[in-house]
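The following exercises are to be worked through with the sequence and the 3D view at hand. Each task is followed by a solution in steps.

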Amino acid sequence: MFFSIPNGTLTVCRDAAGIAGNIFAFGLFISPIPTFKRIIRNQSTENFSGLPYIYALLNCLICTWYGTPLVSHDNVPVMTVNSIGAVFQITYIVTFIVYADKEKKMRMLGMLLTVFGLLAIIVAGSLQMADRATRWIFVGFLSCASLISMFASPLFIINLVIRTRSVEFMPFYLSLSTFLMSTSFLLYGIFNFDAFIYVPNGIGTILGVLQLALYFRYKTKSMEESNEPLMVSQA
């Protein structure tokens, strides 16, 4: 259906969606700040888990690599948003390590090194693929899988909201930012004819709609609305 639209119009729509996605993603990147204010204030990570930041960092690094000209064509917004996200995640992880107990410090350091090791393997391996299309498909599938797993992570929170009939642990602005960012990159992927972008972000949009629907369904039954994202370990 887009073939009848002039290329110039498609480019403008794609770029606008990419810029919007970068802006809305910023809301996601700063959402853990209240959590880390609490960690710094209490000089302890308490029962918070560092795993979400490790997963987010791996996702950002893989997607940054996918967005580079060495892998995909004309995906600068994907590269910029994920490189900025990686900086945020590294900052959160370093802060977490500083205030964690010795056991958590060692575990987080080990996982951080593992993330960088995996990235090095992915980059080196993909660069060995002389065929550009093969490289694009290989890294594209990895970034797609990474994004889907990241968008699926709130399923625990969704289940918690349904069981408790409370939105205390599902902040509205975090859910809204997820929905807006996913929708923006869904449109960006469609306008750029890139299934590795619009498929995972389409899933993210659906989950974002579900979170917002649950929020408005149960907000009146919530005893207290929390402003902090839930990052509590289930171990």
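**Exercise 1.** Which residues form a nonpolar patch on the surface, and about how much accessible area do they have together?

*Solution.* The model under study is a predicted one. The patch consists of I90, V94, V98 and F116. Together these residues have about 310 Å² of accessible area. The next step is to locate the patch: its largest share, three residues, comes from helix α4, residues 76-99. V98 has its place in that helix, α4.

**Exercise 2.** Determine which residues of helix α7 are buried, and describe how they are arranged around the helix.

*Solution.* Helix α7 spans residues 155-164, and its buried residues are I157, I158, L160 and V161. Viewed down the axis of α7, these buried residues fall within an arc of 160 degrees, so they line one face of the helix. The cover over them includes helix α9, residues 195-218. Just after α7, R165 adopts a positive phi of about 55 degrees.

**Exercise 3.** Is Q211 buried or exposed, and which residues does Q211 touch?

*Solution.* First, Q211 is placed in helix α9. Its relative accessible area is 6%; the limit for a buried residue is under 20%, so Q211 is buried. Leaving aside residues up to four places away in sequence, Q211 touches P154, I158, M170, S175 and T178.

**Exercise 4.** Trace the salt bridges in which R14 takes part.

*Solution.* Side chains of opposite charge can pair when their charged atoms come close. A search of the whole structure finds four salt bridges. In one of them, R14 meets D15 at 3.1 Å, N to O. R14 is buried at 10% relative accessibility, while D15 is partly exposed at 32%. In another, D74 meets R14 at 2.9 Å, N to O. D74 lies in the loop between α3 (51-67) and α4, and R14 in helix α1 (residues 7-30), so this pair ties together parts that are 60 residues apart in sequence. A further salt bridge joins R38 and E46 at 2.8 Å, N to O. Shared partners link R14, D15 and D74 into one network.

Definitions and conventions: Residues are numbered from 1 along each chain as its sequence is written. This is a predicted model: local features need pLDDT of at least 70, side-chain atom pairs count only at pLDDT 80 or more; totals for chains, interfaces and linings use all residues. Side-chain values use heavy atoms; hydrogens and water are left out. Buried means under 20% relative accessible area, exposed over 50%, partly exposed in between (1.4 Å probe, protein chains only). Helices (H or I, at least four residues) and strands (E, at least two) are DSSP runs, numbered from the N terminus. The arc is that of the directions from the helix axis to the C-beta atoms. Contact means heavy atoms within 4.5 Å. Patches are made of residues with over 30% relative accessible area and no salt bridge: like charges are joined within 9 Å, nonpolar side chains (Val, Leu, Ile, Met, Phe, Trp, Tyr) within 5 Å. Accessible areas come from the Shrake-Rupley method with a 1.4 Å probe; for residues, only the protein chains shown count as cover. A salt bridge is a side-chain nitrogen of Lys or Arg within 4 Å of a carboxyl oxygen of Asp or Glu.
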